[in-house]
Amino acid sequence: MPDPKAPPTPTQLPTRDWRMGYPMTTATVRLARRHVRRRLTTWAWPGDIGDAVLVVSELLANAVRHGRIAGHHVWLRLAVGEGGELVVDVSDPVPAFPGFERRVDAADAGDESGRGLVVVRGLVEEFGWFPRTDVGKTVRVRLGGRVQERRRG
């Protein structure tokens, strides 16, 4: 039986874990993109950093736009597990997630918004959300950590 006072073994924890709170402003999105790019580069994350930055940008933009409540922040968390997968959590103070069930192909050509989550769903391996016990919700996505071959289009 392991000693309960001993620190957890490294396999029980993500190899990298970082979180930051941001004000609910549009400038947050630009600042967070810089932080995410720098953090993933520093960690030498083997996945597509450009895709990860785009995903974070879209999720934060949605949180700032639809989750703004006076006196609250939006929270970003990045965690890289031993397998190299990247987990991104974006938490805001609004408990609901209207439009989450919207089909991937439901954005019409004339829509001025609504395509961000379509893009996110196309780039991530898992996409979901859950209510937070204290306030609001967390949107969680997982991106693979293997080096991706550049898409040719």
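Predicted model: local features only at pLDDT ≥ 70, side-chain atom pairs only at ≥ 80, totals over all residues.

The strands involved, β2 and β3, run antiparallel and are joined by six bridges.

Zooming out, β2 and β3 belong to an open sheet of five strands, ordered β1-β2-β3-β5-β4 and paired antiparallel. At the edges stand β1 and β4 (126-131), each with a single partner strand, so each has one side left without a neighbour in the sheet. Ignoring direction, neighbouring strands here are turned by 15 degrees against each other on average.

As for what sits against the sheet, α1 packs on it and touches β1, β2 and β3. The direction of α1 makes about 165 degrees with that of β1.

Now for the nonpolar side of things. The largest nonpolar core has 34 residues, and Leu59, Leu76, Leu78 and Val88 are those with the most contacts inside it. At least two residues each come from β1 (16-23), α1 (27-42), α2 (49-66), β2 (73-80), β3 (86-92), α3 (116-123) and β5 (137-143). The largest share belongs to α2, with nine residues.

Setting aside neighbours within four places in sequence, leucine 59 is in contact with Val88, Val90, Leu117, Val120, Phe127, Val139 and Val141.

How values were computed
Residues numbered from 1 in each chain as written. Heavy atoms only, no water. Core = buried A, V, L, I, M, F, W, Y, C linked by side-chain atoms within 4.5 Å. Buried < 20%, exposed > 50% of the residue type's maximum accessible area, 1.4 Å probe, protein only. Helix = DSSP H or I, 4+ residues; strand = E, 2+ residues; numbered from the N terminus. Contact = heavy atoms within 4.5 Å. Pairing = 2+ DSSP bridges. Axes fitted to C-alpha atoms, helices over the stretch in contact; angles between N-to-C directions.
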